[in-house]
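This report describes how one protein chain is put together. Look at the sequence and the structure first, and then read on.

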Amino acid sequence: MKLLPAMLTLDEVQQRCVQEQQSSNVKPPGWLSFCFELSRLGWIRRQQARFAAQPRQSEREMVHGESHYVWGRRYRLMIEERDAPPQVRIHGGSKLVLQVRPGAAADKRRAILNAWYRAELKARIPDLIAKWGPLIGVQVTEWRIKRMKTRWGTCNIEAQRIWLNLELAKKPPHCLEYVLVHEMVHLLEQHHNERFRALMDQFMPQWQLYRDELNRAPLAHEHWEY
Ligand SMILES: [Zn+2]
């Protein structure tokens, strides 16, 4: 879940290898950093493959009676057509009411629901950052919610900027908290190494359970381009 660098092609990796050898004359530090680059590349590829292989919901048609998830709970979608500004609300613990203007097509309905999911996340994230910032001892300068196909979150360490996946509004709240803590820990340690894991153990001893839960949960339907 760390910042995804621009994907390198095999040619670029080879080129980098040659440059590395020329510039460092195979001195250990340069060579080590190149090896690290390669292992990071492998890690990113594995992550992407796992994300791609995760079970996915069939595409939601945004029709009455369909199942939709909010904070890890399943709701039945109720469509209400009304000539009024659209709104979304949870009714009676089992219904997700999507009020739309008459004739609103599936895309429009989806956009309204996604805006609501975004608002749900926006309502929770500031408190979580305020809670974890002092505990971890880092500062998040900027955060955004993004629709991402291959990551639950990313962290730009220099900019102290965290992006969180919109899909997290469909998972249990502790999953959002886990992803946020993971990204904030990257502000202390860039890589997924022993130190990173030790920091996660220290701040969130249950993190592996949350990670597994997140990786088992079905993702929204996406059209995969690779
Ligand atoms: Zn990460």
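Met-62 is buried, because 21 other C-beta atoms lie within 10 Å. A residue is called buried if 20 or more other C-beta atoms lie within 10 Å of its own, exposed if 12 or fewer, and partly exposed in between, with C-beta atoms placed from the backbone. The place of Met-62 is the loop between helix H2 (28-53) and strand S1 (67-70). Met-62 is not a glycine, yet has a positive phi of about 65°. Most residues other than glycine have a negative phi.

Trp-71 is not a glycine either, and has a positive phi of about 50°. Trp-71 is in the loop between S1 and strand S2 (73-81). With 19 other C-beta atoms within 10 Å, Trp-71 is partly exposed.

## The model and the chain

This is a predicted model, in which local features need pLDDT of at least 70, side-chain atom pairs count only at pLDDT 80 or more, and totals for chains, interfaces and linings use all residues. Residues are numbered from 1 along each chain as its sequence is written.

The chain has six helices and seven strands. Helices (H or I, at least four residues) and strands (E, at least two) are DSSP runs, numbered from the N terminus. Along the sequence, their pattern is α-α-β-β-β-β-α-β-β-β-α-α-α. The chain has 226 residues, and 19% of them count as buried. Two residues are in contact if their C-beta atoms, placed from the backbone, lie within 7 Å. Among contacts between residues at least 6 apart in sequence, 49% join residues at least 24 apart.

## The largest nonpolar core

A nonpolar core is a set of buried Ala, Val, Leu, Ile, Met, Phe, Trp, Tyr and Cys residues joined through C-beta atoms within 7 Å. In soluble globular proteins, nonpolar side chains tend to be buried together.

The largest nonpolar core has 29 residues, of which Leu-164, Leu-168, Cys-175, Tyr-178, Val-179, Leu-180 and Val-181 touch the most other members. Two or more residues come from each of strand S4 (95-100), helix H3 (106-136), strand S5 (142-146), strand S7 (161-165), H4 and H6. H4 gives the most to this core, with eight residues. Leaving out residues up to four places away in sequence, Leu-168 touches Leu-121, Trp-152, Cys-175, Leu-176 and Val-179.

Two packed helices are described by the angle between their axes and the distance between the axes. Here axes are lines fitted to C-alpha atoms, for helices over the stretch in contact, and angles run from 0 to 180 degrees between N-to-C directions. Angles under 35 degrees count as roughly parallel, over 145 as roughly antiparallel, 65 to 115 as roughly perpendicular and the rest as oblique. A crossing is left-handed if the near helix is turned anticlockwise from the far one by less than a right angle, and right-handed if clockwise.

The axes of H3 and H4 come within 10 Å and cross at roughly 45°, so H3 and H4 are oblique to each other. Their crossing is right-handed. Arg-124, Leu-128, Trp-132 and Ile-136 in H3 meet residues in H4, including Leu-180 and Val-181. This contact of H3 with H4 has nine nonpolar, no polar and two charged residues. In this classification, Ala, Val, Leu, Ile, Met, Phe, Trp, Tyr, Cys and Pro count as nonpolar, Asp, Glu, Lys and Arg as charged, and the others, Gly among them, as polar.

The axes of H4 and helix H5 (residues 194-203) come within 10 Å and cross at roughly 135°. That makes H4 oblique to H5. Their crossing is right-handed. Val-181, His-182 and Val-185 in H4 meet Phe-196, Leu-199, Met-200 and Phe-203 in H5.

## H4 with H6

Helix H4 (residues 173-185) packs on helix H6 (residues 207-216) at an angle of about 115°, and their axes are 10 Å apart. H4 and H6 are therefore roughly perpendicular to each other. The crossing of H4 with H6 is left-handed. From H4, His-174, Cys-175 and Tyr-178 meet Trp-207, Tyr-210, Arg-211, Glu-213 and Leu-214 in H6. By class, the residues of this contact are five nonpolar, one polar and two charged.

Asn-215 also lies in H6. Asn-215 counts as exposed, because it has 12 C-beta neighbours inside 10 Å. Asn-215 and Trp-152 are 63 residues apart in sequence, and their C-alpha atoms are 9.8 Å apart in space.
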